[in-house]
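This report looks at one strand and its neighbours, and then at pairs of charged side chains. Please keep the sequence and the 3D view open while reading.

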Amino acid sequence: MTPDTYSAGAPRATGYDPAGFRPLTFHDAVPRFQDGSDTPRAYLERCLEVIAAREPVVRAWVTLNEAGARAAADAATARYKAGRALSTIDGMPIGIKDILQTKDMPTEQGTALFKGVQTKTDSASVLALRQAGAIILGKTVTTELGMSHPGPTTNPFNPDHTPGGSSSGSAAVIGAGMVPAALGTQVVGSIIRPAGFCANTAIKPSFGAIHRGERLGFSQSHIGVHAGDLIDMWSVLYEMGLRSGGDPGEPGLYGEAALRPPTKPGRLIVMEAEGWAMTDPATAGAFDRLLGQLRDVGVTILRRGDNPLIENFERAIGDSLAICRDVCGYELRWTLENLVERFGTGLSESMMSRLDLARGMTIEDYRLVLMQRETARRAFAAIGHLADGLISLSSVGPAPLMENKVKDSGVTHTTGLPAYNAATSVLGSPAITLPLLAVGGLPVGIQLIGQRHTDAALAGLARWVAANVKAVAA
């Protein structure tokens, strides 16, 4: 079976048409597993066919464990036959961002310095997925150490363009129809922005909702899910949270096993953040038309000029890129210093510029930026009563060309500017991106944002928006 005839969809790199794009999904295959008309092993083999057809151009995978995946799929097939499926994601093939540890594959973190390094350990999230019966198919490409310097992955809709970063491979495998779900991580914009560039449905959950394992060294790192639709996205997130819990000292993910029913918002606040002034006209126009659809069905749209608390919030998040730069730089400094001492060279110019910035920071500087972050979080909490959530773009436009470089806040961004994402990482709030815009033949996501620990309610709101808003092309 070729990608052209694959029933679940394996889009060629011929541009993005939201009306015709069909992402790969898993939940709708489960009834066939239960009645014996399909099996997890057959589902996996279809995924592998698509990977074989598209990977030479998309280049989303670092490592594939086909033998281990087939063994896991056979075990899942036997469980379905016996009526003993472990969870709603039993038998689901999943990609793991190569920043997270896997006991049976190397964890190279996007740098030649860790080529072939195998920790023989599963990250908390990966272990939880295995316990739920998911098939850990392989490791997906990450930018260098999960920061700015890109890997080889291309956009699945146009290989001349970036897939975004740092969760480059995780976003691309969804857009290419290779697997139904993949894990990503985000400290600035590394889940939501690439997901938007690759027509994913994805969630950056509340900070601490999913145990970060070895990622605990960052005070705003999140583990999230890229998927083909909201049901699979929520199922993967829930099954991880059920088994791994949240970060130490955090209550974990709140919500039920099933995705909540569609919930119509009464009011939504447009979050401009730093992105609105940088957004290209075609993308801004498409977003305005989408907001018009929401108004037409009775949703009140609020903007910064409509309430002084919203204006205060926008001012508080106005330097989120710089806050992220300083928080991440200071917290990453000790890792980078050790790598420089150990290897001497091998880090990119982009990474060394981050280290130089961090070397110039004092403990007082770090304390000040933490105070700025806390001010933003308080301003966000103060607008919670005004609306059911926030809405924004997921990026300032469609995915830029692969050779794109933009310098902002002292950092060179090569996979797109995270000007709409830094704020939600600073806030620690849940954010869901939906593939509802197409600009110049490439996807652009729209982002829904909720107060912390409202992940389940936000998913219900996103479900309503996905069902009631028609995708806009520009």
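## A strand and its partners

Strand β2 (residues 93-97) and strand β3 (residues 135-140) run parallel and are joined by five bridges. The model shown here is a predicted one. Within this pairing, Ile96 has Lys139 of β3 opposite to it. Between the two strands the chain passes through helix α4 (residues 124-131), and this β-α-β crossover from β2 to β3 is right-handed.

Strand β2 also pairs with strand β4 (residues 181-186): three bridges join them, and these strands too run parallel. Here Ile94 has Ala181 of β4 as its bridge partner.

Is strand β2 mostly covered or mostly open? Strand β2 is mostly covered, with five of its five residues buried.

## Salt bridges

Side chains of opposite charge can pair when their charged atoms come close. In this model the count of salt bridges is 25. Three of them are set out below.

| Pair | N to O distance | Location |
|---|---|---|
| Arg70 and Glu45 | 2.6 Å | helix α3 and helix α2 |
| Arg315 and Glu311 | 3.1 Å | helix α9 |
| Asp356 and Arg359 | 3.6 Å | helix α11 |

The salt bridge between Arg70 and Glu45 links distant parts of the chain, since Arg70 belongs to helix α3 (residues 66-82) and Glu45 to helix α2 (residues 40-58), 25 residues apart. Arg70 has a relative accessible area of 25%, so Arg70 is partly exposed. Glu45 is partly exposed as well, because its relative accessibility is 22%.

Arg315 and Glu311 are four residues apart in helix α9 (residues 308-316), which is about one turn of the helix. Asp356 and Arg359 sit three residues apart in helix α11 (residues 349-359), again about one turn.

How exposed are these side chains? Arg315 is exposed, because its relative accessible area is 62%. Asp356, at 46% relative accessibility, counts as partly exposed, and so does Arg359, at 36%.

Which residues are linked in a network of salt bridges? The members are Glu272, Asp288, Arg303, Arg304, Glu311 and Arg315.

Terms used:
Residues numbered from 1 in each chain as written. Predicted model: local features only at pLDDT ≥ 70, side-chain atom pairs only at ≥ 80, totals over all residues. Heavy atoms only, no water. Buried < 20%, exposed > 50% of the residue type's maximum accessible area, 1.4 Å probe, protein only. Pairing = 2+ DSSP bridges. Right-handed = clockwise from strand over helix to strand, strands pointing away. Salt bridge = Lys/Arg side-chain N within 4 Å of Asp/Glu carboxyl O.
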